[in-house]
Amino acid sequence: MSEELATRPKESPRAPRAGPREVWKKGGRLLSVLLAVNVLLLACTLISGGAFNKVAVYDTDVFALLTTMMLLAALWILFYLLRTARFPDAVPYRDAHAGPIWLRGGLVLFGICTLVMDVFKTGYYSSFFECQSAIKILHPLAQAVFVIVQTYFLWVSAKDCIHVHLDLTRCGLMFTLTTNLAIWMAAVVDESVHQAHFHSSAHGNASHPRLAPDPERAGSQVGGDCPCDTAICQIFQKGYFYLYPFNIEYSLFASTMLYVMWKNVGRLLASSTHGHGQGHGHTPSRVSLFQETFFAGPVLGLMLLVVGLAVFIIYEVQVSGEGDHTQQALLTYYSFNIVCLGLMTLVSLSGSVIYRFDRRAMDHHKNPTRTLDVALLMGAALGQYAISYYSIVAVVIGMPRGLLGGLNLAHALLTIAQHTFQNVFIIESLHRGPPGAKPHETPPKEPCLTFANLDALHPLPTCPPTPRPLGPSPAGPQEAKAITLAPRGHWRRRCLKDISLFLLLCNVILWIMPAFGARPHFSNKVEVGFYGYSLWAAIVNICLPFGIFYRMHAVSSLLEVYVLS
């Protein structure tokens with residue numbers, strides 16, 4: 001019995017001071033969540049109320065709230081950075097899975113674009129300073145400061161598992177997360193109002209003026225007391241509207257990273273020597289990053305990306321042009337999307353089939369980053385599911401005649417199928433171990449023992465001996481190393497890399513189209529005629545932002561799948 005106890009694996013040491021604090025973990029999380037819910041509901045009320053002309057909430061009220069929230073969040077971030085810099089023991093663990101380099105790189109890229117948008121916004125409101133409130137100029141300046149401070153904070157602290165002032169840290173992280181969500185909601189509402197006004201004026205839909213912003217509220221229309229009649233003012237106006245998608249994605253990227261940090265507050269990891277968490281090591285080799293593919297996926301994906309950009313430009317020109325080319329634009333748009341979605345569905349299915357022959361072990365370790373990725377993929381897909389099912393009902397029951405109705409129905413069905421099979425492929429990929437991990441058959445927790453009789457027992461080796469070549473081999477260590485690394489180039493791994501790259505590039509073009517203004521939902525009269533403009537506009541404006549976010553989050557997840565395959 002003493003030998004049996006001695007051979008048991010030792011448990012990882014626990015931080016003695018963290019024990020009592022963990023008793024209040026759920027209570028601390030509950031307190032921070034309640035704070036976030038109340039602040040978010042307040043922001044939601046002001047932002048949604050400011051979108052309607054008949055509600056006495058103005059955009060200056062929204063700007064004042066957002067500016068206050070951003071300044072408070074920036075002050076808390078500076079306090080956090082100062083505290084962790086003065087007390088290095090405050091962060092005894094770092095989660096290796098949190099804040100991967102591609103996620104932080106995307107955050108920096110979107111942050112730079114957001115700063116450019118703030119410059120355009122400041123220049124736009126400064127063009128008619130005499131008739132504008134000062135808060136409209138202060139808001140983009142405060143947002144620029146907030147973006148710079150938060151980007152640096154997430155770059156250096158995304159992996160932190162802090163163990164001091166747990167409740168204060170949780171509340172601070174949740175408040176910062178809520179600030180990003182409020183910025184996201186404000187940007188989405190502003191862009192939706194702009195798109196609704198554009199389509200209302202373009203199609204003579206003057207009977208629905210509630211979503212059309214007047215000059216006093218948004219200052220985004222020409223006329224009124226604040227005319228934007230100079231060339232530089234119009235450049236600033238169009239510029240910051242085109243940069244809104246990057247601001248939206250920046251806020252969502254920051255929110256996901258802040259949530260992982262919130263989950264890691266007070267977290268105890270098994271190994272803190274090298275700053276790694278539990279689970280398989282997922283450190284990709286820089287040499288093999290763009291190798292070991294058949295190049296079919298990248299080439300086909302780039303072709304669809306280029307063709308999609310051309311289709312998007314043609315669609316925008318024909319829809320916004322003076323001639324009546326909307327029908328032709330919709331046929332081109334739906335045809336390209338049907339081809340793209342069909343190929344993505346088949347490729348996702350083939351990836352799932354390849355995994356049926358993959359012998360890599362499944363990673364069942366606790367990983368807050370992966371859990372959040374899966375939840376966001378499933379939740380964000382609901383927005384596109386809702387739009388697709390509404391379109392299916394309108395087409396089937398309304399029975400529109402012509403080619404456009406059939407393309408609309410096929411597009412909706414393929415959208416549902418593509419989201420479903422792509423989610424299955426990504427989620428299974430994220431749960432796979434590294435390439436060298438083999439599935440093990442329920443490993444024993446103790447050394448294997450064979451009882452010969454009651455008086456003697458014979459211990460067996462805990463692991464099988466390493467196989468050796470039968471005969472003398474003239475090969476040195478280099479050949480042995482080559483033999484060991486040979487399975488890395490297996491055809492299954494190459495196919496998975498091609499599939500990941502193809503899906504990644506296709507999701508990029510499917511993000512670009514709706515993010516930069518493609519709205520076939522309003523140009524196509526089937527749903528508008530079936531549901532009415534007000535109801536259909538509400539459905540699209542609520543669900544489409546989630547569909548746009550799904551595409552960019554899928555790009556991030558597929559990049560992780562590609563690197564770790």
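Modeller: His165 sits in the loop between strand S2 and helix H7 (166-202). Helices here are DSSP runs of H or I with at least four residues, strands are runs of E with at least two, and both are numbered from the N terminus. The model is predicted, so local features need pLDDT of at least 70, side-chain atom pairs count only at pLDDT 80 or more, and totals for chains, interfaces and linings use all residues. Residues are numbered from 1 along each chain as its sequence is written, and side-chain values use heavy atoms, with hydrogens and water left out.

Look at the backbone of His165. Its phi is positive, about 50°, although the residue is not a glycine. Most residues other than glycine have a negative phi. His165 is partly exposed, with a relative accessible area of 46%. The scale uses a 1.4 Å probe and protein chains only: buried is under 20%, exposed is over 50%, and partly exposed lies in between.

Now step back to S2, which spans residues 160-161 and holds Cys161. Is Cys161 buried or exposed? Cys161 is buried, because its relative accessible area is 0%. Set aside residues up to four places away in sequence, and Cys161 touches Ala90, Val91, Pro92, Tyr93, Arg94 and Asp95, as well as Asn264, Arg267 and Leu269. Contact here means heavy atoms within 4.5 Å. Val91 is 70 residues from Cys161 in sequence, yet their C-alpha atoms are 5.7 Å apart.

Next, the helices. H10 covers residues 244-263. It has 20 residues and runs 29 Å from first C-alpha to last, close to the expected 28 Å. That expected span is 1.5 Å times one less than the number of residues. H10 is mostly covered, with 18 of its 20 residues buried.

H10 packs against H13 (residues 368-398) at about 135°, with the axes 9 Å apart. Axes are lines fitted to C-alpha atoms, for helices over the stretch in contact, and angles between N-to-C directions run from 0 to 180 degrees. H10 and H13 are therefore oblique to each other. Under 35 degrees counts as roughly parallel, over 145 as roughly antiparallel, 65 to 115 as roughly perpendicular, and the rest as oblique. Their crossing is right-handed.

Which residues of H10 and H13 meet? H10 brings Thr256, Tyr259, Val260 and Lys263, and H13 brings Pro368, Thr369, Leu372 and Leu376. By class, this contact has five nonpolar, two polar and one charged residues. Nonpolar covers Ala, Val, Leu, Ile, Met, Phe, Trp, Tyr, Cys and Pro; charged covers Asp, Glu, Lys and Arg; the others, Gly among them, are polar.

H13 also packs against H14 (residues 403-430), at about 165° with the axes 9 Å apart. H13 and H14 are therefore roughly antiparallel. This crossing is left-handed. The contact residues split into 16 nonpolar, nine polar and two charged.

One more loop residue: Asn524 lies between H17 (520-523) and H18 (525-531). At 1% relative accessibility, it counts as buried. Beyond its neighbours within four places in sequence, Asn524 contacts Leu330, Tyr334, Leu404 and Asn408.

Finally, the whole chain. It has 19 helices and four strands. Of its 565 residues, 50% are buried. Among contacts between residues at least 6 apart in sequence, 88% join residues at least 24 apart.

Terms used:
A crossing is left-handed if the near helix is turned anticlockwise from the far one by less than a right angle, and right-handed if clockwise.
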